[in-house]
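Please consider the following report on the fold of a single protein model. It is arranged from the overall composition down to one residue.

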Amino acid sequence: MKRLRYCDVCNSYTMKEIHCNKPTRSAYPAKFSPEDKWAKYRKKARGLA
Ligand SMILES: [Zn+2]
């Protein structure tokens with residue numbers, strides 16, 4: 001599965017790990033991670049939140 005990445009040097013999206021001779025970063029902010037979201041709901045459902 002390909003993940004979209006972002007190049008801070010030229011401010012564009014790319015699929016490459018390296019762009020403009022610099023490592024790219026994930027295009028998806030960590031706070032929007034689906035895993036975190038569902039973990040929270042699971043905790044709530046079990047009364048652990
Ligand atoms: Zn670039």
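The report below treats the secondary structure, the sheet and one tyrosine in turn.

This is a predicted model, in which local features need pLDDT of at least 70, side-chain atom pairs count only at pLDDT 80 or more, and totals for chains, interfaces and linings use all residues. Residues are numbered from 1 along each chain as its sequence is written.

Along the sequence the pattern reads β-β-β-β-β-α. Of the 49 residues, 2% count as buried; a residue is buried if 20 or more other C-beta atoms, placed from the backbone, lie within 10 Å of its own, exposed if 12 or fewer, and partly exposed in between.

An open, antiparallel sheet is formed by three strands in the order 2-1-5. Strands 2 and 5 are at the edges, each with a single partner strand, so one side of each has no neighbour in the sheet. Two strands pair if DSSP finds at least two bridges between them; strands 1 and 2 pair over three bridges.

| Strand | Residues |
|---|---|
| Strand 1 | residues 5-7 |
| Strand 2 | residues 12-14 |
| Strand 5 | residues 25-26 |

Tyr13 lies in strand 2 and counts as exposed because it has 11 C-beta neighbours inside 10 Å. Beyond its neighbours within four places in sequence, Tyr13 is in contact (C-beta atoms, placed from the backbone, within 7 Å) with Leu4, Tyr6 and Ala27. The C-alpha atoms of Tyr13 and Arg25 are 9.7 Å apart, with the two residues 12 apart in sequence.

Terms used
Helices (H or I, at least four residues) and strands (E, at least two) are DSSP runs, numbered from the N terminus. Two residues are in contact if their C-beta atoms, placed from the backbone, lie within 7 Å.
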